Amino acid sequence: MALREKKEITIKPKIWRLIETGIGSAEWNMAVDEALLRNFKENDLPILRLYGWEPSLSVGRFSNICKCVDLMKLKKEKLSYVRRMTGGGVLVHGGDLSYTLILPQKSLRGKGVKESYRYLCGFLIRLYEKLGQNALFACDAQLEVGHSDICLAGNEAYDIVIKGSKMGGNAQRYSRNLLFQHGSIPIRLDIVRFEPFFLEDSGLERAATLERLGSPVTHEQLSELLIESFCEVFDVNVKADNLRSSEEKCVRELLADKYSQGRWNIDAEQ
C-alpha cells in the first residue's frame, strides 16, 4: 500500500502527549482544540487528543452555514453548532470519536501539504484495517471529486472512503510553524434527527459508519484501537496527560469570547 512505502518520513520525538477529554459540547471541544494549539511551546511533546461530542454540528472555517442549514430549526430544537478553525464542510457529531494532532512542521522534514496529510492519515487507514475494512483515499479509489459546503455530500481527493462511501472527515491547519489536524470517525449517524436541519443534500444516507459497515464498536473500544494503530504506524508511544491550568484558562476565554458567539459561529468573524 502506498502509505507504507514512504518510510523516509518519520515523526520525532517518539513520545506523544495523550489527552482524552471525554464527551463535550461542540463549543467546548473547539475551544480546547484552539487552546492546545495556542499554548503549544517549542519543545513540547506533540499532542494526540481524543474526544467525543454531544449531538451537534460543526462548520468549516469558510463554509456558509446559512446556505445549507436551517438555523431557526436548530435553535428551536436546541441543537448546538460551532465553527471550526479548519476548512471543510458542515459535519454531524454525536455518534463519533474525534482526534486532534498538534506537532511542529519540522517533524515531517518539510514535506508538502498533500504528502503530510496523506502520511498523517495513515493511522486511520490502519485503524479501519483492524476493524476489517478496506479504506482508501478517494483519489486512489478513482471516485469523482466534488466540493460541497456539507462534508458528507462531497468528495475531496484525500477524503477516506470505504466501499465507495465517505468515512467521516479530516482537516488541517498550519500555524506558527505547527501542523494541526483533526478529524471525526463515525460509529453511527442519527439520520432521522439530523436530516431535517439541512437545506441541501446532506449526504447522510450515503455516508459510511462503522455500524453500517458491520463493525460496531463502543467509544472506548474505538479509542483503544485508535491509540494502538497510531503507535504502530508512527512507531511512537503515548503518555497520558490532562489539560494544564494555562490551557484550561485559555479554553474558558475562547469559549466566552469566540466559540459561544454568533459573530464567529455564523459570520466567521474573529
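Predicted model: local features only at pLDDT ≥ 70, side-chain atom pairs only at ≥ 80, totals over all residues.
## Overall composition

The chain contains 9 helices and 12 strands, and of its 270 residues 55% are buried. Where contacts link residues at least 6 apart in sequence, 76% of them join residues at least 24 apart. The chain exposes about 12200 Å², of which carbon and sulfur atoms supply 49%.

Strand 2 covers residues 47–53, and because 7 of its 7 residues are buried, the strand is largely enclosed by the rest of the structure. In a regular strand the side chains alternate between the two faces of the sheet. In strand 2, I47, R49, Y51 and W53 point one way, while L48, L50 and G52 point the other way, and all of these residues are buried.

Strands of a sheet pair through backbone hydrogen bonds, in either a parallel or an antiparallel sense. Strand 2 pairs with strand 1 (residues 15–24) in the parallel sense over 7 bridges, with E20 standing opposite L50 of strand 2.

Strand 1, helix 1 and strand 2 together make a right-handed β-α-β unit. Helix 1 comprises the 13 residues 26–38, and its end C-alpha atoms lie 19 Å apart, which agrees with the 18 Å that it should span at 1.5 Å a residue. Helix 1 is mostly covered, with 11 of its 13 residues buried; among them are M30, V32, L36 and L37, as well as the acidic residues E27, D33 and E34.

## Helix 4 and the cysteines

Helix 4 (residues 113–120) has S116, Y117, R118, Y119 and L120 buried. The buried residues of helix 4 pack against several elements, including strand 6, helix 5 (122–130), strand 10 (169–175), strand 11 (178–186) and helix 7 (219–234).

C121 counts as buried, at 0% relative accessibility, and C250 is also buried, with a relative accessible area of 9%. A disulfide is a covalent bond between the sulfur atoms of two cysteines. A search of the whole structure finds 0 disulfides.

## The sheet of strands 7, 8 and 9

An open sheet of 3 strands has the order 7-8-9, with antiparallel pairing. Strand 7 and strand 9 (165–166) stand at the edges, each with a single partner strand, so one side of each is left without a neighbour in the sheet. Strand 8 (residues 160–162) pairs with strand 9 in the antiparallel sense over 2 bridges, and in this pairing I162 stands opposite S165 of strand 9.

The loop between strand 8 and strand 9 holds K163, which is exposed, with a relative accessible area of 67%. Most residues other than glycine have a negative phi. Phi of K163, however, is near 55°, a positive value in a residue other than glycine. A268, placed in the segment after helix 9 (262–265), likewise has a positive phi, near 60°.

K130 lies in helix 5 and counts as partly exposed, at 32% relative accessibility. How far apart in space are the C-alpha atoms of K130 and L226? The separation is 9.4 Å, although K130 and L226 are 96 residues apart in sequence. If the neighbours within four places in sequence are left aside, K130 is in contact with L225, E228, S229 and E232.

The accessibilities of the individual residues discussed above are gathered here.

| Residue | Relative accessible area | Class |
|---|---|---|
| C121 | 0% | buried |
| C250 | 9% | buried |
| K130 | 32% | partly exposed |
| K163 | 67% | exposed |

Conventions:
Residues numbered from 1 in each chain as written. Heavy atoms only, no water. Helix = DSSP H or I, 4+ residues; strand = E, 2+ residues; numbered from the N terminus. Buried < 20%, exposed > 50% of the residue type's maximum accessible area, 1.4 Å probe, protein only. Contact = heavy atoms within 4.5 Å. Areas by Shrake-Rupley, 256 points an atom, 1.4 Å probe, with all protein chains shown as cover. Expected span 1.5 Å × (residues − 1). Pairing = 2+ DSSP bridges. Right-handed = clockwise from strand over helix to strand, strands pointing away. Disulfide = S-S within 2.5 Å.
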